Structures are given as structure tokens and as C-alpha cells.
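Please look over the model shown below before reading further. The paragraphs that follow lead through it step by step.

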Amino acid sequence: MIQTSGVIICLAYILGLLFTAVPGGGVWILPLGILSAVLSRKGYTKPPIVSQTSEIAQTQSRVKVTPHIWKSNTQPRVWLIAGLVGMLASFYLQWRVPEPAVNDISQFVPPTNSNNQEQLVIVRGEITSSPRVTRSQRGQFLLDVSQVDQVKNQVKNEKSEEKTQKGATGQLYVTVPLLQVTGLHSGQQIEVTGVLYRPKAASNPGAFDFQKFLKQEGIFAGLMGRQINILDEDRQWGWWQIRDRIVRSQVRWLDVPEGPLVSAMVLGSKAVDLPYDIRDLFVKAGLAHALAASGFQTSLILSVILQLTKRAKKATQVTLSSLALITFLCLTGVQPSVLRAVIMGFAALVGLLLNRKIKQLGSLLLAATLLLIFNPLWIWDLGFQLSFLATLGLVVTVPAIISRLDWLPSAIASLISVPLAATIWTLPVQLFVFGVVPAYSLLLNIITTPLISILSIGGIISAIAGLMFPEAGSVLASLLHYPTLWLIKLVEFFSQLPGNSLAVGSISIWQLLTIYIVILLVWLVRWWQQRWWFASLITFGLVILPAWHSASTLMRITLLEAKAEPVLVIQDKGKVTVINSGDEGTGRFTLLPFLKQQGVNRIDWAISTDFQGNDNDAWLEVLQQLPIKNFYTYAINKENTITHQAIQQELQKQKGIYQLLPVGQTINTGSLIAQLINEQPLLQLQILGQSWLLVGDVKSQEVQRIMKAGGWPNPQVLWCKSESLKDLVTVLKPQVAIASAGNIDSNTLAELNKTSTRIFLTAQDGAIQWTPKGEFESFIQVEENKSSAI
């Protein structure tokens with residue numbers, strides 16, 4: 001479909017976008033293009049223009065073979081054009097990076113102040129996404145802003161009389177109480193009253209970067225909404241109505257979660273508000289692709305329409321198929337995976353119309369190039385990367401695997417080869433981003449493929465019926481109850497097996513590139529194809545050996561940014577100690593992602609100090625993800641609470657040890673000696689040769705009283721809340737002081753900076769890390785240094 005010169009230019013464009021991740025960017029592509037042109041010039045021979053085969057043979061016999069470095073039939077100018085395209089692609093991506101306009105809604109976000117007064121605004125605009133439920137059980141949607149009213153002189157419990165109306169532009173990420181989104185839909189004009197804020201960047205290693213995620217979508221502000229007023233009551237037509245009609249017909253008799261799951265397998269999880277517990281279950285098991293609208297659905301749609309219209313003219317077949325693809329695209333939304341599948345579908349239709357065979361690899365490359373011209377930022381979109389890599393694996397690797405499984409029935413060989421090929425090409429990226437291997441993913445994919453096929457086909461049929469007759473769609477969808485239930489039960493079973501999610505740690509960029517070079521060699525070079533087992537061993541070693549070496553030699557202390565509670569992770573040559581888990585949100589989005597990124601599969605010692613003074617911690621959630629060998633808790637009658645009873649039961653299943661930690665008792669883990677020395681609680685630690693002191697809620701008078709009684713040690717490192725930082729630094733004079741939970745005014749901070757104590761504020765600096773060979777480093781500063789280097 002694409003000539004060799006076109007392939008080279010398309011690859012150069014993609015390579016130029018990828019090179020924006022290295023210093024110099026795509027500028028390096030131009031010298032590579034010039035060098036390739038010089039080398040290929042010596043080996044290039046212009047093909048003779050002859051009509052007879054005998055004349056070709058005679059001409060070839062007369063051609064003098066010139067010694068050359070690199071044999072190539074590509075004209076040198078093609079390499080020069082490719083180098084120029086690669087360089088321009090790098091500049092094009094930088095030009096397309098979203099930046100807030102002068103009157104963007106983010107410009108109206110008030111600066112952070114010390115008195116924590118909230119400034120209410122009323123934002124008007126149009127809803128541009130289907131409302132959905134967040135993990136915190138709030139309604140969420142995107143708003144295209146047209147106007148903002150800043151409310152001044154806000155008095156508590158009273159309505160303000162002074163407002164300032166201003167025109168504004170840009171997109172806004174809005175969350176509101178769940179009941180407020182009832183009846184809302186895309187395209188509706190509304191006004192939302194709430195508080196503007198700037199999305200936060202990641203403060204901890206492995207954490208989700210909310211700011212970066214929204215910036216890729218051109219969103220620079222969020223709104224914590226409180227009330228919604230609908231400005232247009234008329235329900236205007238939109239694709240949301242068709243989508244809603246399909247989902248309602250399928251959910252009516254299938255109920256939840258079976259109904260939304262079937263709808264998600266037809267329209268994609270981004271178009272359906274699928275419950276997070278089901279979404280997380282499939283992702284954890286390695287079946288996230290089953291919830292993504294992509295090539296399977298488009299292939300199914302085209303097959304059905306072409307089969308139904310096989311007696312019609314080709315023009316009619318192509319027209320009806322094109323309309324079906326466009327309808328599918330509009331229903332699922334503009335997603336990279338769907339666009340890729342639709343473009344490849346159109347390429348197949350063009351081949352049908354012209355009576356030409358379309359090369360899948362060429363159409364895949366064409367689809368990638370067109371999409372990256374449309375939005376070059378998708379080169380860093382994980383969904384885009386996984387979709388194209390999985391499709392590439394299906395195109396180039398499935399035939400090779402089937403040929404080696406020719407001793408099996410063809411149906412079974414296909415069941416094995418498809419998920420295996422997709423896994424080979426996508427697993428390195430998953431390791432780079434998440435550092436986790438779904439251990440039973442391949443086996444589960446093989447077992448569930450028939451069920452997923454039945455549900456996808458049945459879901460599409462019931463969706464079509466539901467559009468015309470909702471009751472008929474519900475009846476057809478109800479036939480999918482048991483297949484859907486069996487699929488959920490299978491995923492749950494595999495997710496509960498020991499070692500279902502193996503953390504090996506995030507691999508480096510150099511490991512990622514080396515692994516893909518090995519995969520490419522196996523694909524393109526016959527010598528490596530015959531020794532695929534050797535390539536597999538190399539790839540396995542590239543992942544496992546560095547992970548094993550790091551785990552067995554690493555000594556590091558990490559204090560995570562976890563608001564009001566100190567969450568410490570101590571890694572000592574493969575032994576892991578965790579002090580505190582934070583609340584539920586901290587455990588899920590901060591502690592567990594960090595441990596998985598570090599390749600931690602078991603916690604050897606866990607200590608719960610209850611610095612927050614409540615029972616709302618995340619230990620139970622951590623236990624359900626990672627086993628804990630020894631669990632200590634500081635608790636006065638806390639062992640009788642519902643949460644800690646559940647923790648004890650979970651530990652019994654894992655054969656872990658549950659112990660209370662009374663004041664004065666010492667815990668010795670080898671790298672850590674911990675002791676509660678006061679009822680505050682006050683935790684004294686000796687970690688890797690350093691003296692730490694963790695201080696809970698303490699008033700200024702209490703500091704003076706305890707110091708006079710001589711009850712506090714003199715630590716090298718102090719952690720406390722920001723409210724007591726000044727008093728404790730003045731009295732204890734530590735080398736390093738780390739504060740969290742709250743703001744410190746500039747005058748106090750200036751006074752503290754005059755002391756010999758080095759001050760860290762986790763709200764500003766993020767996680768703090770220390771190794772025996774280095775000093776304390778803040779995560780945000782390290783990330784900024786990396787970004788500035790790039």
C-alpha cells in the first residue's frame with residue numbers, strides 16, 4: 001500500500017516525534033538522514049527502463065557492480081527528505097504542546113494564600129463529555145468555558161452581592177456532588193458554582209500525574225463544583241442519545257455490573273460509565289483490552305455488513321460499510337485505538353473497491369502517521385502505544401507463532417498465538433510504565449477469548465436491536481447473562497490466585513529500547529528467528545537481573561508525601577519496612593503504586609502509629625494487594641475496631657503476625673530499631689545508622705513541658721506537622737526537618753532557613769528520599785532537573 005520511500009518518510013516522522021524525549025530532539029534525525037543518503041548513494045543503481053525480460057537480463061549483465069558500503073535501492077534524496085521530515089516533526093510536536101491562552105479559565109485561579117479563604121466562581125459553558133462517576137463517588141465531566149463570574153466579598157452563610165463577569169475560554173475539569181449530574185448530557189449549556197484550582201503534579205514516585213494527564217488534553221484548571229444550574233432545558237439531539245439508548249436497553253435486564261460490562265465491550269469503557277471495581281479487576285488480570293473499542297469491533301462490523309450485502313454492488317458495500325464505521329466512531333468517541341481501527345477499516349474498503357490486496361502492515365503505518373499528524377501528542381499516549389504495538393504483534397508475529405504450532409488444531413493455535421503475540425509487543429511498555437506483570441494474563445486470555453467473542457458479537461447485535469426496539473435489545477442482551485457472569489467469575493478467580501500480579505519494578509528507558517531491538521531482530525533477521533529461544537532468554541535477563549540486583553543491594557529511605565501522616569518505606573537489601581499506610585486514598589494512589597514501581601511483592605515489617613488519631617487507614621487495602629509478614633500497631637483498644645479485626649483475619653490467611661506496640665517496646669528489624677517513647681504518639685527510629693523522630697499532634701506548651709522533663713531525644717532527622725515545625729526545630733535542632741499537612745507562612749520559613757537545619761516541606765517538595773551514599777533529595781526537584789535536562 002505504501003512504497004518503500006513512503007515507509008521511510010513515515011518512520012522518520014514517527015522517529016522524530018519519539019526523539020523529543022532526548023536532548024536535541026529530532027535535530028539528530030537530519031544528520032542520520034544525510035549519513036544514510038551518503039552511504040546509499042554508493043550502492044544505488046537506477047533501474048533500467050526496458051520492456052522485455054531478455055533485455056533486462058542483458059542490461060544487468062552489462063552493469064558494472066561498484067563496491068559500496070550499503071546496498072540500497074532507495075534514492076539518496078529520499079533519505080534527505082526523511083531526515084528533514086524527522087527534524088520538522090520534533091518542532092511540530094513542540095508547537096502543538098497545549099499552552100493556556102490569555103483568557104484561559106486557568107488564569108482565573110486565585111493564588112494560594114495563607115488564610116485558606118475560598119473564592120467562589122460561577123462558570124458558564126457547554127458540557128463536552130458524558131458525565132461519569134469518579135472513584136470518590138462524585139460526578140465528573142468536561143466543560144467548554146464561555147464566561148466566568150468572580151464572586152467578591154463572600155461572607156459565610158450569606159449571598160454575595162458583588163460579581164465580576166468576564167469572558168473566558170478553555171476546557172475545565174469539573175467534579176460535583178453525584179446527584180448534581182443526574183440528567184446532564186453532552187452539549188448542554190450550564191453554569192456551575194464552585195472553587196477553581198490548579199491540578200497537582202505527581203508528588204511521589206510511581207504516582208499518577210494528574211496535571212500532566214490534563215495538560216495533554218489542553219486542560220489547565222479544575223473546578224470543585226457545588227451547584228449546577230441548567231441554562232437550556234431543551235434536550236438537543238446528540239450521539240449521547242444513541243449511546244444512552246444502547247446502554248439502557250442492555251442494562252435493563254442484565255442489571256449491574258453485567259449490563260455496563262457488555263456495553264463497554266461494544267462501545268469501549270471510555271464511552272460507558274463502567275464501575276471502577278470491574279474496570280480495576282480486568283486491568284489487574286491483564287484483560288483491559290477487552291474493555292477497549294478497537295479492531296475487533298470494526299472487523300466484526302465490516303464482516304457482518306459485507307456478508308449481508310454480498311450480492312450488492314461494490315460501491316453499495318463500501319458505502320454502507322463506511323457509514324457503519326463512521327457511526328461506530330461517533331458512538332465510541334475520538335480515541336486513538338478506535339481511530340486506528342477505523343482508518344485500517346477504510347483502507348480495507350479501498351482495497352475492496354479497487355480490487356487490490358491491502359498490506360496490513362502498510363495500512364497500520366499509514367494509520368499511525370495520519371493520527372500523529374492530526375495529534376502528535378498521542379505519541380506519548382499509553383492507549384495509542386499499546387493499541388499500535390498490539391496490532392503490530394498481530395500482523396507480524398501471529399503467523400510465525402501459528403507456523404510453530406502447526407501440530408495443534410488451527411482453532412487452538414489461533415487462540416494461543418493472538419494473545420501471545422500481543423503480549424510480546426506490549427509487555428515491555430507495561431513494565432516501563434507500571435513495573436507489574438499480570439502472571440496469569442496469557443492463560444486467562446486464551447480461556448476467555450471465546451467468551452469475549454460471544455459477548456462482543458451478542459452485544460453488537462443487541463445494540464442494533466435496542467436502537468430500533470429497546471425491548472428487543474433487552475431480550476437479546478439478557479441471553480448474555482451467563483456468559484457475562486462466567487467471564488466476571490473467571491477474572492475474579494485468577495485475580496485471587498497467589499502471585500497474580502508480580503511486581504518486578506519499572507524498567508529503564510535503555511532496558512525498554514534494548515528489549516524492542518531484540519524483538520525487531522527476531523522479526524526481521526532469519527538468524528534470530530531460528531534462535532528465538534535465545535532472544536527470549538536475553539529479554540528475560542534484561543528484566544530480571546537488574547531487578548534482582550537492585551532489590552538485593554538497594555538501601556534507601558523514602559518518606560512519601562501523604563498529607564497528615566508520615567508514610568515511610570525503608571528498603572534494605574531486599575527487606576522492606578513500611579511505617580503507616582495513610583488513609584484509603586493514600587494507600588491506593590500513593591503507597592501501593594510506589595511499592596509496585598520498586599518491585600516490592602512482600603512487606604516484611606509494617607508499623608501503624610495512628611498519627612491521625614482515627615481508624616481510617618489503608619492497611620486492609622494494602623494487605624489485599626501485598627502480603628505482610630509482621631504487623632505492629634500502636635493502639636489503645638484499637639485491636640477491637642472493625643478495621644483491625646479485618647486486618648487480623650487477613651493476616652491469619654497469609655500466616656502473618658499481628659502484635660500490639662505498647663509504649664517503650666522496641667522493634668528490631670536489622671535496618672530499623674523503632675520505639676514508642678510517649679503517648680503522643682512519639683516514635684523514635686534508628687534507620688540505617690540515622691536517628692529519626694516522628695512527632696504526632698503536639699502543642700507548643702507540650703513541647704516545652706516534655707523538653708523540661710527530658711523525655712525527648714535529639715534526632716538527626718525530624719518529621720512533624722507544619723504547625724509545630726518552628727517550635728520543634730528551635731528546641732531539638734535536628735540536621736534535617738520534614739514537615740507536612742498545612743502551609744507555613746513566608747516569615748516563619750525565612751526564620752527557619754537561617755538555622756542550620758535543612759527544611760523540607762512535602763506539600764512543595766513531594767516525597768523525600770535518602771540513601772547512604774547521598775543526601776536527602778526531594779522528588780519534585782529531581783523530576784524538574786530531569787525535565788530541564790531533556
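In which helix is the place of Gln-781? Gln-781 belongs to helix α29, which covers residues 779–789. Helices (H or I, at least four residues) and strands (E, at least two) are DSSP runs, numbered from the N terminus. The model is predicted: local features need pLDDT of at least 70, side-chain atom pairs count only at pLDDT 80 or more, and totals for chains, interfaces and linings use all residues. Residues are numbered from 1 along each chain as its sequence is written, and side-chain values use heavy atoms, with hydrogens and water left out. Gln-781 counts as partly exposed because its relative accessibility is 41%; buried means under 20% relative accessible area, exposed over 50%, and partly exposed in between (1.4 Å probe, protein chains only). Between the C-alpha atoms of Gln-781 and Ile-768 there are 10.0 Å, and the two residues are 13 residues apart along the chain.

The protein as a whole comes next. It has 29 helices and 24 strands. Of its 790 residues, 46% are buried. Among contacts (heavy atoms within 4.5 Å) with a separation of 6 or more, 68% are between residues 24 or more positions apart.

An open sheet may now be followed strand by strand. Its 8 strands stand in the order β15-β14-β13-β12-β11-β10-β23-β24, and the pairing is mixed. Two strands pair if DSSP finds at least two bridges between them. The edge strands, β15 (657–660) and β24 (777–778), each pair on one side only. Strands of a sheet pair through backbone hydrogen bonds, either parallel or antiparallel. The parallel sense is seen where β14 (residues 628–633) joins β15 over 4 bridges; there, Asn-630 has Ile-657 as its bridge partner in β15.

Strand β10 (residues 555–560) shows the antiparallel sense with β11 (residues 567–572), over 6 bridges. Arg-556 stands opposite Gln-571 in β11. The hairpin of β10 and β11 has 6 residues between the strands, and Lys-563 takes a positive phi near 65° in this hairpin. β10 also runs antiparallel to β23 (residues 768–770), to which 3 bridges join it, and Thr-558 of β10 has Gln-769 as its bridge partner in β23. Strand β10 is mostly covered, with 5 of its 6 residues buried.

In soluble globular proteins, nonpolar side chains tend to be buried together. A nonpolar core is a set of buried Ala, Val, Leu, Ile, Met, Phe, Trp, Tyr and Cys residues joined through side-chain atoms within 4.5 Å. The largest such core has 80 residues, and Leu-261, Leu-267, Phe-282, Leu-372, Leu-487 and Val-491 have the most contacts inside it. Leaving aside neighbours within four places in sequence, Leu-261 is in contact with residues including Leu-274, Phe-282 and Leu-487. A second, separate core of 28 residues includes Tyr-634, Leu-688, Val-736 and Phe-760.

Finally, the second largest pocket holds about 730 Å³ of space. A pocket is found on a 1 Å grid over the protein atoms alone, as an open set of points where a 1.4 Å probe fits, with protein on both sides within 12 Å along at least five of seven lines; lining residues have an atom within 4 Å of a point. Grid points are joined across faces, edges and corners, and a volume is the space filled by probe spheres set on the points. Of the 22 residues that line this pocket, the closest to its centre are Pro-131, Leu-184, Asp-244, Arg-248 and Asp-273. The largest share of the lining, 5 residues, comes from α6.
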